[in-house]
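Please view the sequence and the structure together before reading on.

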Amino acid sequence: MPSTTTRIHGLDSLRALAVTLVVLHHYVLFVSDAPTFGWVGEVGWVGVDLFFALSGYLIGNQIFAAMKSPGGFSLKHFYARRLLRTLPNYWVVLALYFLWPAFRGDDPLLPLWEYASFVQNFALEPGSAFSHSWSLAIEEQFYLLLPALALLGVLFGGSLRLAWTAIALVFVAGMLVRAELWQEMAGQNHKLYFYFKYIYYSSFCRVDELVAGVALALLRNHQPGAWTRLTRHGNLMGGLGLLACGVAFWFFLDDRYGYGITVFGFPLMALGFSLLIVAAVAEDSLLRWLKVPGAGALALWSYAIYLLHKPLCVMAAKWMAAHGYGAENPLTIGALLALSVLSGWLLYKLVETPFMLLRKRYVPSNAAHPAQLTAAPR
């Protein structure tokens, strides 16, 4: 999250949109098994990719800004801040999975060490308990690697050309890997099983949006002229972003598991989400200043909502069904969506907030020498 007290409404709106899409998709996938929310529910899995793009930009911006600041960048402080932000909520929910059988239902748990070390997404078996933590694993891997790679780049002279080359190579390599994996699974009897296990959950196959967000952060911090020209046309960037996302969504809805969309769809979606982020932070953009009611709260609670909503909705849906209210009943839909938000708020207030206060007190920034800072980086 941004380190300033002044929140940017555009980023809040995108984060709120991301968690809403994921919750609606998981409702369709794990509760109703029907087109409850139309095409939005069907393609709602892209909310995770929007989260990736936002993380790439926000975390990349924190790292690059700190490296340029008078206080310098501290790897120790960065990791401490990230762990205090992500681990408390995660460990509470993980404990529920292991200690409360009804919470996980009939889904099998992976060994605890895989969840603890954030490697559960490697060849993840579809249908495993806490399967939606695959995206958290990818983000934690990203938090671990990006600052180390940034510092390594500084040791090699901090060449921008090298950085942009590395970003381009990651995109190309991702497409090549997905193409090869798709060709290998094409002859399998259970294509979807292999698609999810080796492509959808794979770290390297799903970094497109993270890397696109990092590219924006690199542009903002190291090529301010180009960044200014880009953000000068915020509404145009937003329109182009919607167009790119619309095209990607259309292809995913038409043939989600096809060869072409598997190889090229994720970079296209990364482009669309990146342009929306530009629009969200551009000074003259409608998206930046449009205050959507409730978006700020959903953005704050989004991580907690993401962690809890799936198992709680599955459990609550069974209870509602036992009392005569099916998954397609408006009362059930409203109750389960409200439960998702309320449980996320509780986890945010009881667990996340105290640790964020500790972070603010003991690790207030990523700087190696905070006293030398004249202002907190945005």
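The structure is a predicted model. Its largest nonpolar core has 93 residues, of which Tyr-90, Met-269 and Phe-273 touch the most other members. Helix α3, spanning residues 46-68, supplies the largest share of this core, with 13 residues. Apart from its neighbours within four places in sequence, Phe-273 is in contact with Val-46, Asp-49, Leu-50, Ala-53, Glu-209, Cys-245 and Phe-249. In soluble globular proteins, nonpolar side chains tend to be buried together.

Two helices whose packing can be described in detail are α15, residues 295-322, and α16, residues 330-362. Their axes lie 6 Å apart and form an angle of about 135°. The crossing of α15 and α16 is right-handed. The residues in the contact of α15 with α16 comprise 21 nonpolar, five polar and one charged.

The table sets out their values.

| Residue | Relative accessibility | Class |
|---|---|---|
| Ser-131 | 7% | buried |
| Thr-86 | 6% | buried |
| Tyr-362 | 56% | exposed |

Ser-131 is placed in the loop between α6 (112-116) and α7 (134-155). Its relative accessibility is 7%, under the 20% limit, and therefore Ser-131 counts as buried. When residues up to four places away in sequence are left out, Ser-131 touches Leu-124 and Lys-310.

Thr-86 belongs to helix α4, which covers residues 75-99. Thr-86 has a relative accessibility of 6% and so counts as buried. With residues up to four places away in sequence excluded, Thr-86 touches Glu-140, Tyr-143 and Tyr-303.

Tyr-362 is found in helix α16. Is this residue, Tyr-362, buried or exposed? Its relative accessibility is 56%, over the 50% limit, so Tyr-362 counts as exposed. Along the chain, Tyr-362 and Ala-80 are 282 residues apart, while their C-alpha atoms are separated by 9.6 Å.

Technical notes:
Residues numbered from 1 in each chain as written. Predicted model: local features only at pLDDT ≥ 70, side-chain atom pairs only at ≥ 80, totals over all residues. Heavy atoms only, no water. Helix = DSSP H or I, 4+ residues; strand = E, 2+ residues; numbered from the N terminus. Buried < 20%, exposed > 50% of the residue type's maximum accessible area, 1.4 Å probe, protein only. Contact = heavy atoms within 4.5 Å. Axes fitted to C-alpha atoms, helices over the stretch in contact; angles between N-to-C directions. Left-handed = near helix turned anticlockwise from the far one by under 90°. Nonpolar A, V, L, I, M, F, W, Y, C, P; charged D, E, K, R; others polar. Core = buried A, V, L, I, M, F, W, Y, C linked by side-chain atoms within 4.5 Å.
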